[in-house]
Amino acid sequence: LSVVKCSGCSTVEDIKTQGEIGVKNPMAHPHSIDQELLEQLVYDALVWSSLHGLVVGDRSVQRSGTVPGVGMVHAPFALLPLSFPESRYRQACELAPIFNELVDRVSLDGNFLQDSLSRLSSPVALFAPIGVRDITCPALTKKVDPFTSRLLEIHSKMLEIDKKEEIRLGLHRSDYMLDEQTNMLLQIELNTISSSFPGLSSLVSELHRSLLDQYREHLKLDSEKIPRNTAVSCFAEALAKAWTQYDNPRSVVLIVVQSEERNMYDQHWLCTLLKERYPFCHACKLIYIRIQQYRKSVSLERHFFNVFRCFPQLINTHNVTVVRKTLTEIDAQGELLPDGTLIVGGKEVAVVYFRAGYAPTDYPSELEWGARLLIEQSSAIKCPSISYHLAGTKKIQQELAKPNVLERFLENEEDIAKVRRCFAGLWSLDDVEVVKDVISRPELYVMKPQREGGGNNIYGDDVRKTLQRLQSEGTEEDAAFILMQRIFPTITPTILMRDGIFYKEDAVSELGIYGAYLRNKEKVLANDQCGYLMRTKVSSSNEGGVAAGFAVLDSIYLD
Ligand code: ADP
Ligand code: MG
Ligand code: MG
């Protein structure tokens, strides 16, 4: 058990405020919570997680990534929510529909995507002597970024055949950190593929609400200050709406998954909402129908949850058939009919929802690339399409931050100002002045390749070393990276739970806001902010992935 000093609790005043079993503001000073109360909270939180499916596969159990129900462990989570300024939360929520629209507009500009990303497909000579750039012999060259080049190739093919995606579905998550010095909400990145944790983040908010209610007397916190997290039900609803637009009741939603996935329960929550129909007991079903009639009157809804304890996440279920397949399986079982219909395992696919396909390891051979191309060529609705996927790359984020680029895609000046306000400093590596500064003060920057899933960025002195290596090699490889201003969020004391053990740590947090977008030709059918993901990580760690083991799931307490 690791115990660090809680910097917030060291004054005499703080110590005086400690009551019999706790401190005055347990969220601000969680390290000072009375041991007995802490142990009760921990125990109840662990029970809650186990009973409500706030779980992931346990790394130490071999089949936990393939067989549901085998080797489950509670997802890593923070014991209490994190205090977050309401104004900044609202600001992040307001941005969601604007980013949804922005991704859609960018996705339609094939030339912008190709031009911005073209240097990633430049050939680089293998073992090239310094200064030699133009070796074109394929045996001696590779692409600057072979993975993004393959995505671009698929995109070019779609441009060549003038492929139109009339029904477009985006399930995004825009991530932010609050910069301590400026108090600004700054965007870390925008995820357009495989935005994870809609299921588990919704549950963490419920867990925290439940703990705050149960320990109201001791903690003196109001559970209503934790915003209800609708991420999973909104995503399910958007997927179901897209399926309805496809308009074939026998068609299915295909979820593209990795062959081993310890985060499968997050995905299963979403699948369950899509699949099931009224999963309530009889009494709840009757009340549910009443609520539908009264269009979800808030008081009735609360009464409903309090009395019957049915899961709020389950309020919208859709009766849609869901199929899970890996890209390898799709290659083996998939076929494209002459009219563009995608058939996989004998079933017509209406919507393809990618929870894999964002990393090079998802394409171990040509077969998986074949599957991705097959999907893209089909008339199934892709979430994301190749253009939506590319619009979410870090290179495009950096291009959008250049002067006058947002104006190409958005008309509303207020929207443009709102988006620009959340942009941190972003540069390409051909910015000589910035590169000079990075080399002298690398700790103020983050260097990012075009990768997803956490654990890929470069920090601190490694930034300087990498830049110097790239400069001395003189290849095109610098195009694979972008530079970003490093954001320094406020460090707060927190209690992190992992493998049934609590850790008192100092931590920083990253707020993700989910967005769902659906349109059919000119008609926008959904453009919503839908729920949030708070991730908290030990302040000494550079990266923040929960699945990658650096962070825990959290929720927010508005103040
Ligand atoms: P990925 O697509 O792999 O999630 P991110 O851009 O989100 O890539 O970076 C991963 C993590 O690195 C983030 O969750 C965050 O913790 C940290 N990080 C990224 N950019 C910055 C930044 N500019 N300042 C501080 N931390 C950052
Ligand atoms: Mg990402
Ligand atoms: Mg990220």
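1. Helices here are DSSP runs of H or I of at least four residues, strands are E runs of at least two, and both are numbered from the N terminus. With that in hand, S194 sits in the loop between strand 8 (184-191) and helix 6. S194 has a positive phi of about 55° despite not being a glycine. S194 is also buried, with 25 other C-beta atoms within 10 Å (buried means 20 or more such atoms, exposed 12 or fewer, partly exposed in between, with C-beta atoms placed from the backbone).

2. A word on provenance: this is a predicted model, where local features need pLDDT of at least 70, side-chain atom pairs count only at pLDDT 80 or more, and totals for chains, interfaces and linings use all residues. Residues are numbered from 1 along each chain as its sequence is written, while chains are lettered from A and ligands numbered from 1 in the order in which they are written.

3. K521 is another non-glycine with a positive phi, near 50°. Its loop runs between strand 20 (501-520) and strand 21 (523-538). K521 is exposed, with 9 other C-beta atoms within 10 Å.

4. Have a look at the peptide bond from C383 to P384, too: cis, with omega near 5°. P384 belongs to the loop between strand 14 (381-383) and helix 14 (386-391).

5. For context on these backbone points, most residues other than glycine have a negative phi, and most peptide bonds are trans.
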